[in-house]
Amino acid sequence: MNGYQFYWSIVWDSLPLLLAGAWVTIQITILAFIIGTLIAMPMAVARQQGEGWAYRFSTWWVELSRNTPAVFQLYLFYFGVGAFHINIPSYAAVLISVSFNNAGYMTEIFRGGLAAIPQQQLSASRSLGMTSPQSFIYVIFPQMFKVIFLAYITQGIWGMLNTSLGMLVGLQELSGATQYAQSTSFRTFEFFLVTALIYYLIAKGLQLSSHLAFRLIYRS
């Protein structure tokens, strides 16, 4: 490689810094995944109904989150609201922006899953005396998650990758920590190669743990 000399020992010395950044990445990924799910579930129901203020609000959210760049959404929450003298820490801004993006995509994933559940399921649960929220929580959503599981987990991993935008607002998540470490040593190739490997391992860890949870929940 044109006489390039690798210095892996520098990366090894900075490993605690990279792992601390990876931990921040995992925290934001899990929190944004949970928040996005909780927001997307009622919005998917509203989108399926096709009318009313909840439908219009959900449609606005989905259109904005899916048709604007993720970096634009982050800048809006970090720099944009600063114009109104609302200062949000970089950690919170990344969490809010990734949750916002996740919720938009998950809403459409859930809506597709709801469409696959026969309408008679809802009618049958209502006839048993369940309220509408109880019908969705105990009857409809458990079946929906089984249908959309793979797309749902893929969105979670996509959200994890989006956390790398945090380096643009000074957050030392995995990419931010890597950027700092390579800027002090100028060993860009080694640091980014190791960071890519860490991202890969996190993604595979999320995939495997999700599949395990799916089998435990739906083993019957």
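**Entry 1: the largest pocket**

I looked up the lining of the largest pocket by residue class and found 13 nonpolar, 4 polar and no charged residues, where Ala, Val, Leu, Ile, Met, Phe, Trp, Tyr, Cys and Pro count as nonpolar, Asp, Glu, Lys and Arg as charged, and the others, Gly among them, as polar. I note that this is a predicted model, in which local features need pLDDT of at least 70 and side-chain atom pairs count only at pLDDT 80 or more, while totals for chains, interfaces and linings use all residues. Residues are numbered from 1 along each chain as its sequence is written, and side-chain values use heavy atoms, with hydrogens and water left out.

The volume of the largest pocket is about 370 Å³. A pocket is found on a 1 Å grid over the protein atoms alone, as an open set of points where a 1.4 Å probe fits, with protein on both sides within 12 Å along at least five of seven lines, and a lining residue has an atom within 4 Å of a point. A volume is the space filled by probe spheres set on the points, which are joined across faces, edges and corners. The lining has 17 residues, and Phe-33, Phe-149, Tyr-152, Ile-153 and Ser-210 are the closest to the centre of the pocket. Two or more residues each come from helix H2 (15-49), helix H7 (132-162) and helix H9 (188-217); helices (H or I, at least four residues) and strands (E, at least two) are DSSP runs, numbered from the N terminus.

**Entry 2: the second largest pocket**

I then turned to the second largest pocket, which holds about 160 Å³ of space. Of its 13 lining residues, Trp-60, Trp-61, Phe-77, Ile-96 and Phe-100 are the closest to the centre. H2, H3, helix H4 (70-80) and H5 each give at least two residues to this lining, and H4 has the largest share with 4 residues. By class I found 10 nonpolar, 3 polar and no charged residues.

**Entry 3: H3 against H5**

Next I looked at how helix H3 (residues 53-66) packs with helix H5 (residues 90-115), and the angle is about 115° with the axes 8 Å apart. Axes are lines fitted to C-alpha atoms, for helices over the stretch in contact, and angles run from 0 to 180 degrees between N-to-C directions. On the H3 side the contact (heavy atoms within 4.5 Å) includes Trp-61 and Val-62, and on the H5 side it includes Phe-100 and Tyr-105. The classes in this contact are 6 nonpolar, 4 polar and 2 charged residues.

**Entry 4: two serines**

Is Ser-135 buried or exposed? I found Ser-135 in helix H7, and Ser-135 is buried, with a relative accessible area of 0%; buried means under 20% relative accessible area, exposed over 50%, and partly exposed in between (1.4 Å probe, protein chains only). Leaving out residues up to four places away in sequence, Ser-135 touches Leu-122, Ser-125, Arg-126, Met-130 and Ile-140.

Ser-164 sits in the loop between H7 and helix H8 (174-185). Apart from neighbours within four places in sequence, Ser-164 is in contact with Glu-173, Ser-175 and Tyr-199. From Ser-164 to Thr-68 I read 17 Å in space, C-alpha to C-alpha, and 96 residues in sequence.

**Entry 5: the whole chain**

Last, I looked up the chain as a whole, which has 9 helices and 0 strands. The C-alpha trace spans about 75 × 50 × 25 Å along its principal axes, and buried residues make up 40% of the 220 residues.
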